[in-house]
Amino acid sequence: MDYGKNRHAQRLFDGIASRYNLLSELLSLFQAGLWRRYLISRLEVRPGDTVLDLCTGTARVAVHLATAFSVRVVGVDLSPEMLRRAQHRISQGAFEGDITLLLGRAEDLAFADECFDAVCFTYLLRYVEDPEAILREIVRVLKPGGSLVSLEFGVPRNIVVRGLWYAYTRGALPLAVRAISPGWREVGTFLGPSISGFYRSCPIERIQRMWVKAGISDVRTKRLSLGGGVVMWGTKVRGAKTPNLGGC
């Protein structure tokens, strides 16, 4: 499998890990936290469940889940630097027995079929070569009846808001980060074109069809912050069990 986009994502996130939490909030105009909270609100989990947090980054979603819902979380990310920051966060709290962090790729999850009660992923699909194959792999490790939730950046539909979004992502954002670090400078030039380019080739309606084809029912979408963030969620279809290949 071609991991070209993955390699770029790893290099990109390794380069911005040290200031990621603060700057992601500032540069999203303090919307990123709102988006994460809505993502978490769509997960249907119970105490004792096991949740896969894919693209866990600095483990902000994982910590929230473990704290608010008393679930066990397995956080997976391809960036060693992000995971190092996540481990520091976890070690400073009382989460070490509740959150496990693993280095890995969404293309080849090292888990048995139907291993998790719920799965969430954030900012993933733009960084993979084959989103449809990724969704099949994610759904493979989800139990029938379990919830799948994702968060991605979006492009506003309203023409005025979309114009402002283009002005921010193509003008203000690159200028704001150019002096911070080489990593953030690359984010500033890459982010806007990456988001709009992705949705030109893969509109939200097509992504919803991919979810259904992968085995997710009742797929719903919520655009947040005038369309700057998109949360999608659904439930794995109950049916014939896939082969059990071992434990989680």
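I took a residue as buried when its relative accessible area is under 20%. The model I examined is predicted.

**Entry 1: helix α4.** I looked up which residues of α4 are covered and found Arg60, Val61, Ala62, Val63, Leu65 and Ala66 buried.

**Entry 2: strand β1.** I then turned to β1, residues 50-54, where five of five residues are buried. Thr50, Leu52 and Leu54 point one way from the strand, while Val51 and Asp53 point the other way. I found β1 joined to β2 (residues 72-77) by five bridges, the two strands running parallel; Leu54 has Val76 as its bridge partner in β2. From β1 the chain passes through α4 (residues 60-69) to β2, and I noted this β-α-β crossover as right-handed. Four bridges join β1 to β4 (residues 116-122), also in parallel, and Asp53 is partnered there by Cys120.

**Entry 3: salt bridges.** I recorded nine salt bridges. Arg36 and Glu25 form one at 3.0 Å, N to O. Arg36 belongs to α3 and Glu25 to α2, 11 residues apart, and both are buried. Glu25, Arg36 and Arg60 are linked in a salt-bridge network.

Arg140 and Asp113 form another, with their closest N and O atoms 2.7 Å apart. Because Arg140 lies in α6 and Asp113 in the loop between β3 and β4, this pair ties together parts 27 residues apart in sequence. I found both residues buried.

I also checked Lys143 and Asp117, which meet at 3.1 Å, N to O. Lys143 is partly exposed at 30% relative accessible area, whereas Asp117, at 18%, counts as buried.

Conventions: Residues are numbered from 1 along each chain as its sequence is written. This is a predicted model: local features need pLDDT of at least 70, side-chain atom pairs count only at pLDDT 80 or more; totals for chains, interfaces and linings use all residues. Side-chain values use heavy atoms; hydrogens and water are left out. Buried means under 20% relative accessible area, exposed over 50%, partly exposed in between (1.4 Å probe, protein chains only). Two strands pair if DSSP finds at least two bridges between them. A crossover is right-handed if, with the strands pointing away from the viewer, the path from the first strand over the helix to the second runs clockwise. A salt bridge is a side-chain nitrogen of Lys or Arg within 4 Å of a carboxyl oxygen of Asp or Glu.
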